[in-house]
Amino acid sequence: MTVQIAQRTLEDLGFADVLRALAHRCRTEPGRERALARPFLAGEEQVAEALELIAEARRLAQEQFSLPLGGVTDLRNALELSSKGGLLEPRQLIASAQLLFAFVRTREALEERQHVVPRLAAISRRLPMLEQLAVRIDRSFEADGEISDRASPELREARDRVRGLHRRIKGWLEEKLHDENFLPKLRENYYTIRNGRYVVPVVSNYRGEVPGIVHNASQTGQTLFVEPEGLVGMGNDLAIAQSVVTEEERRILQELTNQLGRESAKVLEGIAAVAELDEVEAAAVLAGDLRAHAPEFSGVDDLTLLRLRHPRLVLRDTEVVPNDVEMKGEARALVVSGPNAGGKTVTLTAVGLCALMLRAGLPIPAGEGSKMPLYRSVHSTVGDAQDLSQGLSTFSAHVTMLRDITLSVGKNSLVLIDEIAADTDPREGAAIAIAVLEELLTKGAVVLVTTHLEELKALAHLDPRFLNARVGFDAKRMAPTYKLQLGAAGASSAIEVASRMGLPEHICTRARDLVMNAGGALAKALAAAEEDRRKLQEELDRAKVAAEESERLRAQLEEQKQQFERERKARLMRFNEEVAAASDQAAAEVQELLKVLRAQSNEKAASEARAQLLQRAEEASQRAKAARAELFQVEAPPPAELRVGARVRHSGLNKDVEILELHGDQVLVAAGIMKMRVPVSELSGSRAPKPKESKFPERNKQVQQLQRAKAAAPEAVEATNYRCDVRGMRAEDALSEVESFLDRGMRSGEESALIIHGHGTGALRQAIRDYLAASPYIRMFRPGENHEGGDGVTVVALRA
């Protein structure tokens with residue numbers, strides 16, 4: 001089935017806002033591009049599959065699980081360059097290694113849960129398992145991005161030669177700088193490097209007495225930077241050795257680029273799969289934010305939207321009044337009437353947006369049990385359609401739109417018309433509107449129309465295909481209620497709205513007289529019905545007040561019950577504490593008794609008496625502790641929804657902690673720099689006010705990490721040359737190496753150290769940090785800064 005959605009309809013309904021909201025929730029650039037270009041799906045099977053994928057992602061979200069997409073960057077241009085034999089920069093290669101590791105993490109995570117999310121797991125199988133290539137690239141670079149000596153034996157050998165030449169040259173210069181005959185010829189006692197050559201600052205007057213090559217001069221010409229003749233040979237050797245290093249580094253980069261280029265097709269397919277997974281997860285987040293559900297649509301003809309809310313208003317965090325929209329049986333056209341600014345157009349566009357979202361395979365912001373057909377086409381005319389460039393007035397442009405719609409619709413089309421035929425003579429406009437609506441229904445379309453024309457409101461009484469609905473108006477507040485009422489036509493309340501907007505009251509009074517005297521039977525009937533509705537609403541308001549008072553009394557009784565329970569358990573706790581105090585006193589008396597018994601050489605009797613009384617004291621103490629724990633459970637507020645990052649209260653520490661990981665009925669929490677696993681039963685709601693959330697969550701998370709680091713250590717921990725490299729090791733071997741490394745550091749008096757573990761899948765990094773958190777050698781630790789190697793290294797401070 002071909003889906004026909006005109007660009008005018010997309011603009012009228014604001015569908016681009018929904019796609020932008022979806023893209024905003026994506027975490028990767030390919031995912032955002034895919035979200036903004038999300039297509040309308042052709043058949044029921046494709047829509048059902050898309051909704052099932054989102055349902056699987058929502059199940060993962062309920063388990064506090066998010067896809068491990070950290071490290072995914074858009075490398076499509078770099079991969080294209082590598083496939084053509086180009087040369088990638090180190091940062092691009094490092095990013096490609098992180099991308100390959102992310103592929104591995106994501107695929108393994110979803111395959112572990114394939115019994116819960118089989119469709120997402122099937123997509124993840126398109127992610128290439130290139131961990132060996134990722135490790136090869138990762139081991140070829142240091143944490144700061146420099147090519148590592150481990151990249152090749154030739155590079156290590158060439159760099160060793162360069163380092164040896166540097167040492168020889170510096171040694172020669174140090175001797176010269178201590179030569180009493182040489183020093184007077186220098187401007188200052190130092191050496192430096194000019195144009196890659198070691199030089200000394202020679203006073204220009206002594207140029208003839210210091211043979212060598214002049215590489216530079218000061219601005220005044222009084223100082224010449226001379227490479228002494230004795231260094232020229234070693235300088236040449238150094239230049240040659242450095243060129244060998246440069247050439248070997250370039251060869252390594254080309255080799256790694258070529259290896260990546262050979263796998264570029266697989267990696268590009270992996271990026272496409274990641275983009276699809278990212279979009280699905282973002283759609284699940286969007287559905288959660290909208291409190292959306294997937295309606296029943298297969299074989300459905302009736303329209304039943306329960307507790308419908310406008311998606312764009314919900315996304316703006318605006319308070320939205322939910323409404324039910326239903327068209328069943330013969331009803332194929334809904335005529336919505338009522339006051340201006342009462343929500344008629346909102347209802348119209350909300351239904352249209354939901355139709356587009358369902359066609360795009362997205363859940364809609366309506367309650368469970370909703371039903372909506374998959375419409376073949378959606379047409380709309382909302383707002384002022386005048387076109388001055390074409391010489392069209394508002395009415396002319398409106399009629400042009402109606403003409404185009406009647407020519408385009410067919411069976412299973414949805415048509416949305418706002419204020420049909422409103423900008424002309426009411427009688428002629430009503431005649432045109434009725435004729436157009438009858439034509440649309442004859443062609444099999446479903447129509448929602450808003451109007452103030454009385455003739456259209458009467459159609460529901462003459463033709464079963466039409467159904468009336470109205471948006472409410474509160475006569476007491478003189479304001480719309482935004483509540484849709486099916487089966488009734490509404491008065492326009494234009495005079496009341498005009499009065500509320502400041503039109504003089506005597507004008508409004510005269511207008512009411514004219515309406516009542518000139519209006520037809522329908523207008524008078526509507527006015528009488530509105531008065532009846534107002535009286536019923538007053539009765540309903542009084543009933544609501546009584547119900548609220550009843551609920552308030554019930555809440556008071558519940559609070560009194562809880563207060564009684566707290567007092568009872570508090571008394572129980574005091575009783576047990578008194579018992580414990582009595583036991584302590586008895587134990588003291590036993591000590592006195594023992595002295596007497598020892599004096600009588602009756603050691604056995606003394607031991608027996610002491611054991612019995614100590615046992616009774618221990619039992620009393622346990623009862624007191626149990627009472628305290630029970631009282632804590634009564635007084636503590638229930639814990640908030642358990643999720644990673646939430647702050648909760650731990651009963652044992654009696655302080656707020658942060659949840660780091662969830663494992664069934666066990667959680668990993670952090671209290672400052674201390675981490676520990678505790679049962680969920682020991683947690684309750686946080687007593688401290690919730691920290692304000694930043695509009696930029698990732699930046700806020702980094703700020704919180706920095707604040708925790710500052711609180712844990714008054715002095716900053718700086719990177720050091722004392723370092724341990726465990727990349728590529730198994731976790732057990734790495735921890736053994738780290739322990740020996742830290743032991744040596746403590747003995748040698750090191751204050752800080754650097755542990756290089758690489759990024760990898762994150763398992764080795766986590767194992768090392770878990771070990772550091774419990775190590776007696778460590779005062780504190782932190783991840784590396786960007787210039788130190790980022791999260792691929794851990795900087796630690798050793799205890800003094």
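This is a predicted model: local features need pLDDT of at least 70, side-chain atom pairs count only at pLDDT 80 or more; totals for chains, interfaces and linings use all residues.
**Exercise 1.** Find the salt-bridge partner of Arg 20 and state where the two residues lie.

Solution. 
- Step 1: The partner is Asp 17, with the closest N and O atoms 2.3 Å apart.
- Step 2: Helix α2 (residues 15–24) holds both Arg 20 and Asp 17. They are 3 residues apart, about one turn of the helix.
- Step 3: Arg 20 has 49% relative accessibility and counts as partly exposed, because exposed requires over 50%. Asp 17, at 25%, also counts as partly exposed.

**Exercise 2.** Determine which parts of the chain the salt bridge between Arg 27 and Glu 281 ties together, and classify each residue as buried, partly exposed or exposed.

Solution. 
- Step 1: Between Arg 27 and Glu 281, the closest N and O atoms are 2.9 Å apart.
- Step 2: Arg 27 sits in the loop between α2 and α3 (29–36), and Glu 281 in helix α11 (residues 264–290), so the bridge ties together parts 254 residues apart in sequence.
- Step 3: Relative accessibility is 40% for Arg 27, which counts as partly exposed. Glu 281 is at 13% and counts as buried, because the cut-off for buried is under 20%.

**Exercise 3.** Check that Arg 119 and Glu 52 meet the salt-bridge distance, then locate them.

Solution. 
- Step 1: The closest N and O atoms of Arg 119 and Glu 52 are 3.9 Å apart, so the pair is within the 4 Å limit.
- Step 2: Arg 119 belongs to helix α7 (residues 118–124) and Glu 52 to helix α4 (residues 44–62); these distant parts of the chain are linked across 67 residues.
- Step 3: Arg 119, at 30% relative accessibility, counts as partly exposed, as does Glu 52 at 34%.

How values were computed:
Residues are numbered from 1 along each chain as its sequence is written. Side-chain values use heavy atoms; hydrogens and water are left out. A salt bridge is a side-chain nitrogen of Lys or Arg within 4 Å of a carboxyl oxygen of Asp or Glu. Helices (H or I, at least four residues) and strands (E, at least two) are DSSP runs, numbered from the N terminus. Buried means under 20% relative accessible area, exposed over 50%, partly exposed in between (1.4 Å probe, protein chains only).
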